Structure formats: structure tokens, C-alpha cells
Amino acid sequence: SCLSGNPSKPCFILHFKGVTLMLDCGLDISQVLKFLPLSVVPKSDNYDKKWNHSDKEKDKILGDELKEVAGSVFVDGSLEFCAPEFGMTTLSEVDAILLSNHNTMLALPYVTEYSGFKGTVYCTEPTQQIGRQYMEELVTYVERNPRNKKCSKWKSDAILSSLPTFLREAIRPTAWRECYTKHDIQACLSRVQTVGYNEKRNIYGALIITACSSGYSIGSCNWTIKSPYQKICYISGTSTLTTHPKPMDTEPLRQSDLIIVSSMTKTPGYNPDQMIGEFCMNTVVTIKNGGNVLVPCYPSGMIFDLFECLSSHLDSCGLTTVPLYFLSPVSDSSLAYSNIYAEWLSGSKQSRVYLPEPPFPHAELVSIGRLRQYLNIHDGLQNDFKSPCIVFAGHPSLRMGDVVHFIELWGKSTGNTILFTEPDFPYLEALAPFQPLQMKVCYCPIDTGLSFSQANKLMRDLKPGHLVVAESYVQPPSNLSHKTDMVVDYDPPPLTYKRGEILTLPIKRQFETVEITPNLAKNVSPVEVKPGCMVSMVTAALNIKDNKYTLELLPDGHLSGKKRRADGSLIREKSYIWGSLNIQSFVDALTRQGITDIKVEDTEDGSIIDLPNDDTLIQVEGASTHIICNGEEIVRTKIRDTLLRCLQKL
């Protein structure tokens, strides 16, 4: 079952071998673009112009829920988020949740704290800690300067259908939810069991799950889900590029019956290396002209690479004194954690630890005062602030966080630049409430996720039996419809998923492993039916416990006496015939029974035995024997019994 409409924020329910798994639990934050920004500085809210509906009756119902800014209409209420379609399943029946990376776990508190979920959550330790940072930052931004008014009247079908397109395109707004709390985060993460790469975990004796490096971010992973005879792989948030995380491990993903793919690149038309180059170049141009640079960002991930590349580029341009400011409620823990997860980093980063040096250059930038971190704009920033400078601040949606203040502060100057590197939000929609804006705008999206060509190459290498991808991955992106190569191409054609859809996966349970107890094994008398293959009849009790199957001796008394049908008649014990018929031995046995004048003719499929005196024809083939008897019944019975005596029985 696919519970998410955004393949970059995935959430699936997988029923496999009697176990129910949730694969990722992503939260689609993009719907906050429908809302007005939360201003950081009190009483700086400049969004007072009410939007008037042309229908006076509907306008009266709406009240002041909607505001108009520069020709666009926004909701003037507390921020809400689009959670996965949890109503499609009974969450209390989910046995385990597998998380791939910090980007795909932000809806987790909605599951663990509000649904009756009783299972276990599995992820790597860095994913748990970085995910905590993302969730705590989100909650802090929402709670710091809350807009306490909850708006719901605009969501009614009668009104929604008559609103401007930007709001009318909202995806199921009635199901949107307010943000969880910090207490929810702590309670939620207490259910997490951390795993290491290639560490096997047993799920109720039915499945073995294993995490392997996906190369996307610190601690990010793909999952293999194995039963004794089937193997499903889940690939989410994967990168084959060389950045700071440990490289992708493809070996565990081979020989899969089925692979599920999600979280491919959101910007297939942009090359990450070129975008980092443009980012550095635009930053330097702005700084040299005396302007400031604003970079909306998340508290972890690509920002570490930006610190490294940008500081190096500034050095090469003689701008070593330009300060870098990093503002986030979790900025201190983000920078600290990045330097203690050496075993989760690339080989070049790991080697620095043994020198010993910090794996990331930003540790040195902090120590010399070139990179300065603050929890918010009120955390002493005004005492150290120097211009021109480069500010990294959240949130990339531009609807909350300190970035809102800097846009209001710098937006009226053409000398300043805002640089978008996070691809989660359309930058023009994000900027809409701040128009008219004078500062320069540069869009340099950096997404290291799998491109279509990388995904196709990877699948040709892994050769899964079947492939399952998002519906949007088998057709070119809407803004690049002429790029027919920007699709996932595989043979057999991939199965596709979309929000609210349930798929039957082409995996059938054909075999099961059954153990035999020592006491039962003593009573088994196997017969060799062909070289290396022995068969025996077994009468036993099948015990099923924790998804393990065991054959045991029947309890005393169950084998005593004859077996009878419901009407009381005896059931004759059945014999199982095996092996090939020796034609000469069969002819000799028939002769001893008084049947003479036997003619044998070899055919392509076996032999034909003709008994002209008894008007009988016996046709012997590899897997069957036919007796065609037009004579007396006693002759047919005699031939049958002779044939059975010539074959081996179990």
C-alpha cells in the first residue's frame, strides 16, 4: 500500500510472510507554502490585506482566514502538514517500521503517539539523531512565534473549488495536521532500535531485515527483507555520487525477487556538481560587490558539503575574512554530531580521524571563528554580526525560522542575494509572500539522489526479478516532457504505485523450511529414489510457532487402531509407487502368471507390450502406464497386480 503522494517523502505498508512492515514515514511539508510566513520579530507581520471572495455569502463564511499579498492568496492560520494516508491501514497491526534516512521519518510521531502502534522502529543511530534534530527544529520554529488561529472554513469543498488555483490545488487539506510537540518526539524516539550496516535483525521468526549503506547522507540505508526463499529490497534516498557519507553498498541488493524504489532526485535536469559551482560563484560575486548572501537550509546533510566547498572557494578568491553564520535551534548539536560519526563517513573523511583531525573542515572553521553558530537571531548574533556575510538559516520553505527575518531585512536591496540549494520547495512559490522583492534570486538545487540514468544503470547491474517505482518515474517530468530518456526503463516493465493505491506484488510463497525433531528422525527409513535423493513416508504432527515449522512425533495413542471414514468403513493404507518399470522383468513376471505370446515394441516415449491371446495392449511411458484390455476383468486384474509388484513402493 502506498500512503504518500510524494515519492520523495515515502510511506508504504508491506504485507509479507504474515508480517506487516511500514517502509519509511515521510512528512510532506510542501503544503505549508499555502500559509503566510511566521514572522520572527514580533509585530513585523505585514500581511494585513484581507482577500475578498466574489461571492459575498462565501466571503462572510471565510471571515479573515485568507490574506492577499502581491496578487497571491494565502491562509492566515497556524501551519499544518500533509501526513501520509494512515487511514488506509490499521496502524496498531504494524509489526515494525524501517526508516531509511532522516528525511523520511518526520511523520513518525503521528504514528507512534496517536495511532495505537505497538511495534518496533528500526534505523541507524545517525538517522535517529539527525532525524531528532530535524523534528526538534521544526517544532521549535512552529512553537516559537505561533499563529494560534486554526483555519478550516476555506477547506470545505463548496469554498475550496471557488478559490484561486494556488489554494484549489491543495491535496486533501481536510486531512492536514498540526505539528506534534517536543514531548511527542522524545516518546517517539524511545521506541527506536538502532542497527548497524549489515546487521541482521529477526522479525518474529518470519523475516530477516538488514540495513546497507545507501550513500545519500550520514547513516542513510537501503533495506533487504528476506525470508528463506524470497528477497525484497527497498531502495530509498540513494546516491552513487562521491560526497561525505559512506558509499553505496550494492552487494546485498543483488539476486532480489523484487526491488521497490523511491526518493529519486527531485531535480533531474540539474547536475549537482555544476550547481555547487554556481552556488560558490554567485556567492563570491555578491560578496565582492559588498552584498550579503542568504542560504535557506536544513540543519544537516548537504550543508556540510556547502561549508567545505564554499570556504575553499572563498580562500581561493582571497575572501578568507568573510564570516559564515549558521542559525538553527539545533546548530550546535548538528555540527557536533557530524564529527563523531566517523565510521558512517566516506573513506577520505574516515582517514582524517586517524591523523587525528576532524573529518569535516567546518570544525576548524568554528575553532578559528570563521563559522559561527547561533540558535536564533536573539542568541548574541547582533553582537558579532559583520557585513558583508553569508547566512545559512532555516527553514527552506521560507514559512518559518530565522530566514523569514533576513528576507524582510535584506529583501529591499538589489545588492543582496538569496541562494536556493534545497530542492524540496518551488522557489518562486516560496518567495511569493515576500514580493515585490529586490534582492537577487539564484536557484542552484543540489540533490544527490539517483538520476534516471543512474537508476537504470543500477537496475541493469542488480537484475531484480521485478521492479516497483512511483508512477511519476515512468514518464518524463512535466517540466521536461521532451526528455523521453528521463524515465525508469526496465524489463519486465516496472509496476507503479501512487497515493492510496494497493498493489499485489508478483511474489508467491512456493516453499517453506520445515525442521524434524530428533525423535521423529530416528523412525524415518529413507529410500534412495535416484542418486543423491532419498524419500520417506512420514506421519507426524506439524507444529507452527513464531513462524517456524517443526514436524514432531504424534502423541501416544494417535497411531493406534485402524483409520476409519465417517461412515465407519476402514481406510486402506495408501502406497506410493516410484521408479521406472523394467520391461524384461515385467515380461518375465507375466510369463510366470501364465500369460504367453508376449510381443514388445520400443517406441520414442517408452514401450508397447502386446498380448494378442488376451486381446490386451500395455503402453509404458516415462511417467505413466496404460492397460487397454478388451478381454476378461480377471486378466486386467492379473496384469495390474503383476505391474505393481514390479514397481518400488513407499
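This is a predicted model: local features need pLDDT of at least 70, side-chain atom pairs count only at pLDDT 80 or more; totals for chains, interfaces and linings use all residues.
Although Ser 263 is not a glycine, its phi is positive, at about 55°. Most residues other than glycine have a negative phi.

A positive phi is also found at Asn 198, where the angle is near 65°. Asn 198 belongs to the loop between β9 (192-194) and β10 (200-203). With a relative accessible area of 42%, Asn 198 is partly exposed.

## The packing of α7 and α8

Helix α7 covers residues 272-288 and helix α8 covers residues 302-316. The two helices pack at an angle of about 50°, and their axes are 10 Å apart. The crossing of α7 past α8 is right-handed.

On the α7 side, the residues that meet α8 are Ile 276, Phe 279, Cys 280, Met 281, Thr 283 and Val 284. Their partners in α8 are Leu 306, Cys 309, Leu 310, His 313 and Leu 314. By class, this contact comprises nine nonpolar and two polar residues, with no charged residue.

## The annotated Beta-Casp domain

An unreviewed UniProt entry places the feature "domain: Beta-Casp" at residues 303-431. Over this range the chain is 40% helix and 12% strand.

Helix α13, residues 403-410, contains His 405. His 405 is buried, with a relative accessible area of 19%; this follows because buried means under 20%. Apart from neighbours within four places in sequence, His 405 is in contact with Val 40, Val 41 and Ile 377.

## Two cis peptide bonds

Most peptide bonds are trans. The bond from Ser 387 to Pro 388, however, is cis, with omega near 0°. Pro 388 lies in the loop that runs between α12 (381-384) and β18 (390-393).

Asp 491 and Pro 492 are likewise joined by a cis peptide bond, with omega about 5°. The loop holding Pro 492 lies between β21 (466-470) and β22 (495-497).

Notes:
Residues are numbered from 1 along each chain as its sequence is written. Side-chain values use heavy atoms; hydrogens and water are left out. UniProt positions are given in the numbering used here, feature names are shortened, and annotations may be inferred rather than shown by experiment. Helices (H or I, at least four residues) and strands (E, at least two) are DSSP runs, numbered from the N terminus. Buried means under 20% relative accessible area, exposed over 50%, partly exposed in between (1.4 Å probe, protein chains only). Contact means heavy atoms within 4.5 Å. Axes are lines fitted to C-alpha atoms, for helices over the stretch in contact, and angles run from 0 to 180 degrees between N-to-C directions. A crossing is left-handed if the near helix is turned anticlockwise from the far one by less than a right angle, and right-handed if clockwise. Ala, Val, Leu, Ile, Met, Phe, Trp, Tyr, Cys and Pro count as nonpolar, Asp, Glu, Lys and Arg as charged, and the others, Gly among them, as polar.
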